[in-house]
Every structure is written in C-alpha cells, then in structure tokens.
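Subject: Structure for you to look at

Hello,

I am passing on a structure that I would like you to open beside this message and read through slowly.

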Amino acid sequence: MVRFSNSLIGVLNVITLVLSIPIIGGGIWLSQRANTDCEKFLERPLVALGVFLFLVSLAGFVGACCRNSCLLWLYLVVMFLLILLLVCFTVFAFVVTNKGAGEVVSGRGFKEYRLGDYSDWLQRRVEKASNWRRIRSCLQQGKVCESLQNKNQTWDQFVKDNLSPIQSGCCKPPSACNFTYMSGTAWNKPPGFNSSDVPDCNTWQSGQSTLCYDCQSCKAGVLANLKHDWKKVAVANIIFLIFLVVVYSIGCCAFRNNRDDNHHPRYK
C-alpha cells in the first residue's frame, strides 16, 4: 500500500500536471494570435514554463505513486534547484530595488522620477539600446499616454491627478521645463528651446509617437513601476518558497518510503 506521503505528493503533482496544460495551450494560442512585440515576448516563456511543470509533475507523480526511486530522486533534485533559484532571485530582487523613489513636486499630485536614483544594474538594463527599443515599443502599443490624452483635463485637474510613474515620466515633459500646458500630452515648447540643466526638456516632442519616450525620466518611470512589481513578486516568492519547502519535505519522506520498500519489500 502506498503510504500517505506518497499519496499526497501524487495528488499535488496531479494538480500541477493539470494546471500545466492550459499554460502550454495559452502559449500556443498566443503564438498564433499575437500582434504586438509585447505579446510575442510571452510566447516562449509560457510554453517553456508549461512544459517544465508538465515534465516535473509527471516525474513526481510516477515516482511517488509507482514507487520509482529514480524518478522521485530526479524530482527532488529539480525541486531543490528551484528552491535555491527562488531564494537567490528573491534576495536579488530586494537588493536591486532597494534604491530609488519618486520626488514630490510642489503643487502637484504626482511624483517625478530620476534615473540616477536607481541601482546601477537596473540603469544598465534600460540604457541598453536593444532593451529600451522593446520597452518603448510596448509602451506605445500599450497606449499608456493615449489614456492620459483622452481625459481632456484642465490645468487644475491635471496638476491634482495621481499619474502613474510611467505616465509622469513618459507622457509629459519634466515640470522644470516650464512648458505651457495644452493637454495631458500636448505642451507648447518655445521654438529653438535648449536647456543644459534638464536634457529631457530638449528630448521632449509633442508628437504622440515621440513625447518623452526617449527621456531619462521615462526610463526612471519604467524602473519605478518595475520596482513596485518586483517587490510584490518577491513577497509572493516567499509564500511560494514556504510551499515548495513543505512539498520538498514530503517528497523526501516519499523517497525514503520508496527506498525502504525496495530494500524491504512487503508481501501480502
């Protein structure tokens, strides 16, 4: 009779096995329907994640329920490496997102962001031309600035608005530029304007395809958004790690049961 730990590992792996199927299907569906670079970027990771879950779950299920020590040993090795990887990523996420915060602007309901406030590692990621080209494309396709334009706010409404970091950094010029407000994404820039103090003022253009997408403030806004998301992911990782450690411990018990049964087979 298969022992309790083996049964529990089998049930848990059946659940993850079933969950892996829609993940693989979602990746395949996305590869057929994706129209934007952002959607296409998710195709392979989704399929790879689904296949990984499927194979690991299958090994865990067969190893536990069929008392196959080799497969269960392989399952435990993968689980140990996954735990180690998540620990490293969680620590890394907290370290690289420790620096950087928005600056409060007097008389504004939103904050503004400076690229130099963030960790050097994050700065290098967004300053790399190939990386920023993809991020810029995603921002444009996501229409984050178009939603701000469609609000049709007055100046008083705009300065009280709680803009997201990306909207604050990418959709408008920095407040230090002192351009004349026309709408959320349209500002009157004096002809021949040139600023040596705030380079982003020179980069800003009113065209909807340009705006401040190439500004340092836009890159800082993306990092501010990334920092917020990574903090949430890191917290979720801690919860997931606790779950994985529990599963790994149960798996070790199941592996010990398999080994005992192989060394001391029981007969009816």
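Below is what was found in it, beginning with the overall layout and moving on to single residues.

Please bear in mind from the start that this is a predicted model.

**The two domains**

The protein chain is divided into domain 1, which is made of residues 4-99 together with 228-263, and domain 2, which covers residues 108-221.

**The annotated spans**

In an unreviewed entry, UniProt lists residues 7-30, 46-65, 72-96 and 233-255 under "transmembrane region". Two of these spans can be compared with the model: residues 46-65 are 100% helix and 0% strand, with 28 Å between the end C-alpha atoms, while residues 233-255 are likewise 100% helix and 0% strand, with 31 Å between their end C-alpha atoms.

Asparagine 237 is found in helix H11, which runs over residues 216-263. With a relative accessible area of 10%, asparagine 237 is buried, and, if residues up to four places away in sequence are not counted, asparagine 237 touches Leu86, Phe89 and Thr90.

Cysteine 70 lies in helix H4, residues 69-96, and at 63% relative accessibility cysteine 70 counts as exposed. Cysteine 70 and cysteine 218 are 148 residues apart in sequence, and their C-alpha atoms are 52 Å apart in space.

Which residues of helix H5 are buried? In this helix, residues 120-127, they are Leu122, Gln123 and Val126. These residues cover an arc of only 100° around the axis, which puts them on the same side of H5.

In the loop between strand E2 (111-112) and H5 you will find arginine 114, which is partly exposed, with a relative accessible area of 45%. The side chain of arginine 114 makes a polar contact of 2.8 Å with the side chain of aspartate 117, and, leaving aside neighbours within four places in sequence, arginine 114 is in contact with Glu103 and Ala220. Although arginine 114 and alanine 224 are 110 residues apart in sequence, their C-alpha atoms are 9.5 Å apart in space.

**Two buried residues in loops**

Is threonine 185, in its loop, buried or exposed? Threonine 185 is found between strand E3 (180-183) and strand E4 (186-188), and its relative accessible area is 0%, so it is buried, the cut-off being under 20%. Its side chain is joined to that of glutamine 149 by a polar contact of 2.4 Å. Without counting residues up to four places away in sequence, threonine 185 touches several others, among them Cys145, Cys171, Trp204 and Leu211.

Lysine 172 lies in the loop between H9 and E3, and with a relative accessible area of 1% lysine 172 is buried as well. A polar contact of 2.5 Å joins the side chains of lysine 172 and glutamate 112. Apart from neighbours within four places in sequence, the residues in contact with lysine 172 include Phe110, Phe158, Trp187 and Cys212.

**Two asparagines with positive phi**

Asparagine 152 has a positive phi of about 50° although it is not a glycine; asparagine 152 sits in the loop between helix H7 (144-149) and helix H8 (155-160) and, at 62% relative accessibility, counts as exposed. Asparagine 178, also not a glycine, has a positive phi of about 60°. Asparagine 178 lies in the loop between helix H9 (165-170) and E3, and asparagine 178 is exposed, with a relative accessible area of 68%.

Key. Residues are numbered from 1 along each chain as its sequence is written. This is a predicted model: local features need pLDDT of at least 70, side-chain atom pairs count only at pLDDT 80 or more; totals for chains, interfaces and linings use all residues. Side-chain values use heavy atoms; hydrogens and water are left out. Buried means under 20% relative accessible area, exposed over 50%, partly exposed in between (1.4 Å probe, protein chains only). Helices (H or I, at least four residues) and strands (E, at least two) are DSSP runs, numbered from the N terminus. The arc is that of the directions from the helix axis to the C-beta atoms. UniProt positions are given in the numbering used here, feature names are shortened, and annotations may be inferred rather than shown by experiment. Contact means heavy atoms within 4.5 Å. A polar contact is a pair of N or O atoms within 3.5 Å; within protein, one must be able to donate a hydrogen and the other to accept it, and residues adjacent in sequence count only if both atoms are side-chain atoms. Domain bounds come from an automatic or database domain assignment.
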